[in-house]
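Here is a short briefing to read alongside the model. Please have the viewer open and follow the topics in order.

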Amino acid sequence: MSFLKVLNLRQHPFNRNVATLQVGSFLGNFIQAIVGIFLARILQPELFGEYALAIGMASLASIILGSGIQDAAANLLSSSYARKDAEKTKDVLAFMVKITFFAAFLTILILPFLPFISRALYNDFWIGVYAAVIVIASIFSVSFFSLSTMALQVVGKIKGMMALTVSDQIAMYGFALAFTAAGFGVLGSVSGHLVGA
């Protein structure tokens, strides 16, 4: 591939947007990895194990939130937005808000059971409490953050979307690290996710 072809590829808006999203994804993963190393060092193996189990339980409990609703709605929304169909755009947004809050409601119904499930599985009531805090953070994140990033994506503000995504990671993991370093242990780590969200 010649140098001019590479330059032409770089000039195309689609390619720039893809590169911007890749940079944002890399930065988000890098932040998680670096903070994870520091959390492991501060918490030490036993407490970091509790934190990891809580994250795992929270992922299972909030599976409804990450069921691809936002991705499907983003396709419909971008299509109606591109056609300048204001009525369809409003309908898709209304549907998105309703389905997001319905998924959040179903997830909230699971929360009271998490401590009892963790006591049955791990003989530790608190892992379920920590998982519930992380699930609440996920609900905030999905409810508000996803709607914002989807709107930015639809109107083509990819740099803004990437900045919002990276700032979300910095906030959640930054607070988790700060609270843990301040001596609040696993509760500080999971509370950091909640405050950041």
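## Helix packing and cores

The crossing of α5 and α6 is right-handed; a crossing gets that label if the near helix is turned clockwise from the far one by less than a right angle, and is left-handed if anticlockwise. This is a predicted model, in which local features need pLDDT of at least 70 and side-chain atom pairs count only at pLDDT 80 or more, while totals for chains, interfaces and linings use all residues. Residues are numbered from 1 along each chain as its sequence is written, and side-chain values use heavy atoms, with hydrogens and water left out.

**The chain as a whole**

- The chain holds seven helices and zero strands; both are DSSP runs numbered from the N terminus, helices being H or I with at least four residues and strands E with at least two.
- From the N terminus on, the order of elements reads α-α-α-α-α-α-α.
- Of the 197 residues, 35% count as buried, where buried means under 20% relative accessible area, exposed over 50% and partly exposed in between (1.4 Å probe, protein chains only).
- Among contacts with a separation of 6 or more, 67% come from residues 24 or more positions apart; a contact means heavy atoms within 4.5 Å.

**α5 against α6**

- Two packed helices are described by the angle between their axes and the distance between the axes.
- Helix α5 (residues 114–122) and α6 have axes that come within 6 Å and cross at roughly 135 degrees.
- That angle makes α5 oblique to α6.
- Axes here are lines fitted to C-alpha atoms, for helices over the stretch in contact, with angles from 0 to 180 degrees between N-to-C directions.
- Angles under 35 degrees count as roughly parallel, over 145 as roughly antiparallel, 65 to 115 as roughly perpendicular, and the rest as oblique.
- On the α5 side, the contact uses L114, P115, F116, S118, R119 and Y122; α6 brings F125, I127, G128, V129, A131, A132 and V135.
- By class, this contact of α5 with α6 has ten nonpolar, two polar and one charged residues.
- For these classes, Ala, Val, Leu, Ile, Met, Phe, Trp, Tyr, Cys and Pro count as nonpolar, Asp, Glu, Lys and Arg as charged, and the others, Gly among them, as polar.

**α6 against α7**

- The axes of α6 and α7 come within 10 Å and cross at roughly 165 degrees.
- This makes α6 roughly antiparallel to α7.
- The crossing of α6 with α7 is right-handed.
- Residues in this contact include Y130, F140 and F145 of α6 and M161, L164 and L187 of α7.
- The contact of α6 with α7 divides into 15 nonpolar, eight polar and one charged residues.

**Nonpolar cores**

- The largest nonpolar core has 29 residues, and Y51, L114 and V135 have the most contacts inside it.
- Helices α2 (13–61), α4 (86–110), α6 (125–154) and α7 (158–196) each supply at least two residues of this core.
- Another core, of six residues, lies apart from it and has L77, V92, M96 and M150 among its members.
- A nonpolar core is a set of buried Ala, Val, Leu, Ile, Met, Phe, Trp, Tyr and Cys residues joined through side-chain atoms within 4.5 Å.
- Not counting residues up to four places away in sequence, L114 touches M57, A61, G128, A131, A132 and V135.

**Buried residues worth a click**

- I127, in helix α6, counts as buried at 2% relative accessibility.
- Leaving aside neighbours within four places in sequence, I127 is in contact with E50, L53, A54, M57, S118 and Y122.
- S189 lies in helix α7 and is buried, with a relative accessible area of 0%.
- Beyond residues up to four places away in sequence, S189 touches L39, L43, Y51, A176 and T180.
- A176 is also placed in helix α7 and counts as buried at 0% relative accessibility.
- With neighbours within four places in sequence left aside, A176 is in contact with L39, G188, S189, G192 and H193.

**Backbone points to check**

- Most residues other than glycine have a negative phi.
- Q44, in helix α2, has a positive phi of about 70 degrees although it is not a glycine.
- At 45% relative accessibility, Q44 counts as partly exposed.
- N123 lies in the loop between α5 and α6, and its phi is near 60 degrees, a positive value in a residue other than glycine.
- N123 is exposed, with a relative accessible area of 68%.
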